[in-house]
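This report covers helix packing, a sheet and aromatic pairs in one protein model. The sequence and structure come first.

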Amino acid sequence: HDKKRLFTSIRNLTLVTPSDWLNNHVEKSFLGIFPTRTINNGIDTGVFVPDAESSLAADRKYLLFVANVWTKSKGLGDIFSLRNFIDSSIDFLVVGLTQRQAKSMPPGITGIKRISEAGQLVKLYSGAYCFINPTYSDNFPTVNLEALSCGTPVITYRTGGSPEAVNAETGFVVERGDLNGIAESLEKLGKLNYQDLSKACRERAVALFDKNKKFQEYLNMFQELVGIGSSVEVL
């Protein structure tokens with residue numbers, strides 16, 4: 001009750017969420033009395049770019065999984081189970097593990113500790129056949145955006161705002177825990193023109209999730225709210 005009283009006592013408040021999913025929840029809460037809008041998270045599309053050399057250098061197809069911290073809610077257990085649904089000719093690469101987790105990966109799954117250097121991630125994203133995000137709890141994960149920006153299609157669970165990153169031309173959305181759905185999505189992926197798909201992924205990331213465009217959306221909102229007449233642009 002104190003939280004409601006304090007938050008709703010602000011007379012001039014506009015709420016911004018990084019996903020439509022969260023925006024819908026805000027509108028249903030006591031904060032729904034305030035205007036809301038969605039401004040997605042952005043990434044540096046000048047850093048996360050397709051690396052042709054990495055794509056050509058991949059001797060075998062691999063599926064990529066990336067998280068800052070791998071927990072049950074991020075779907076680590078589902079990755080282990082998914083290994084039984086996918087042909088052994090396709091490798092699994094899981095990035096962001098602790099040293100202990102990396103050493104305990106089951107057969108057919110390669111574990112890598114957390115990578116902080118963007119260039120290394122770009123190579124892994126670009127070389128992957130597909131990026132899979134089996135998260136059970138998320139808002140609007142930037143790993144999806146990074147993969148798209150590197151020209152890699154995304155398969156994600158229908159969790160939070162994660163599905164909002166992709167459309168029919170750039171990836172697939174499956175229900176949480178639907179490992180058959182992931183396997184079927186990969187089969188569909190194999191029937192598509194991968195070059196066109198990769199191009200569509202990159203174009204979507206640049207058009208919708210470039211960080212400078214997101215900064216500009218915030219500046220435009222600030223101008224609107226405080227009534228500044230002249231435009232301010234991101235340099």
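At what angle do α9 and α10 pack, and how far apart are their axes? The angle is about 25°, and the axes lie 6 Å apart. Helices (H or I, at least four residues) and strands (E, at least two) are DSSP runs, numbered from the N terminus. The model is predicted: local features need pLDDT of at least 70, side-chain atom pairs count only at pLDDT 80 or more, and totals for chains, interfaces and linings use all residues. Residues are numbered from 1 along each chain as its sequence is written, and side-chain values use heavy atoms, with hydrogens and water left out.

**Helix packing**

Two packed helices are described by the angle between their axes and the distance between the axes. Axes are lines fitted to C-alpha atoms, for helices over the stretch in contact, and angles run from 0 to 180 degrees between N-to-C directions. Angles under 35 degrees count as roughly parallel, over 145 as roughly antiparallel, 65 to 115 as roughly perpendicular and the rest as oblique. α9 and α10 are therefore roughly parallel to each other. Val206, Ala207, Leu208 and Phe209 of α9 make the contact (heavy atoms within 4.5 Å) with Lys211, Lys213 and Lys214 of α10. By class, the residues of this contact of α9 with α10 are four nonpolar, no polar and three charged. Here Ala, Val, Leu, Ile, Met, Phe, Trp, Tyr, Cys and Pro count as nonpolar, Asp, Glu, Lys and Arg as charged, and the others, Gly among them, as polar.

Helix α7 (residues 142-149) and helix α9 (residues 194-209) have axes that come within 7 Å and cross at roughly 125°. That makes α7 oblique to α9. Leu145, Leu148 and Ser149 in α7 meet Cys201, Arg202, Ala205 and Phe209 in α9. The contact of α7 with α9 comprises five nonpolar residues, one polar and one charged.

**The sheet**

Six strands form an open sheet in the order β5-β4-β3-β6-β7-β8, with parallel pairing; two strands pair if DSSP finds at least two bridges between them. At the edges stand β5 (109-113) and β8 (171-174), each with a single partner strand, so one side of each has no neighbour in the sheet. Neighbouring strands of this sheet are turned by 20° against each other on average, direction ignored. Strands β3 (residues 62-66) and β6 (residues 130-133) run parallel and are joined by two bridges. Leu63 stands opposite Cys130 in β6. Helix α8 (residues 179-190) packs on the sheet and touches β3, β6, β7 (154-157) and β8; its direction makes about 160° with that of β8.

**Aromatic pairs**

The whole structure holds seven aromatic pairs. Rings of Phe, Tyr and Trp (its six-membered ring) pair if their centres lie within 6.5 Å; planes under 30 degrees apart count as stacked, over 60 as edge-to-face and the rest as tilted. Two of the pairs are tabulated.

| Pair | Centre distance | Plane angle | Class |
|---|---|---|---|
| Phe48 and Tyr125 | 6.2 Å | 70° | edge-to-face |
| Tyr218 and Phe222 | 6.2 Å | 40° | tilted |

Phe48 lies in the loop between β2 (36-38) and α3 (52-57) and Tyr125 in helix α6 (residues 118-127), so their pair ties together parts 77 residues apart in sequence. Phe48, Tyr125 and Phe131 form one aromatic cluster. Buried means under 20% relative accessible area, exposed over 50%, partly exposed in between (1.4 Å probe, protein chains only). Phe48 is buried at 9%, and Tyr125 is buried at 0%. Tyr218 and Phe222 are four residues apart in helix α10 (residues 211-226), separated by about one helical turn. Tyr218 is partly exposed at 30%, as is Phe222 at 43%.
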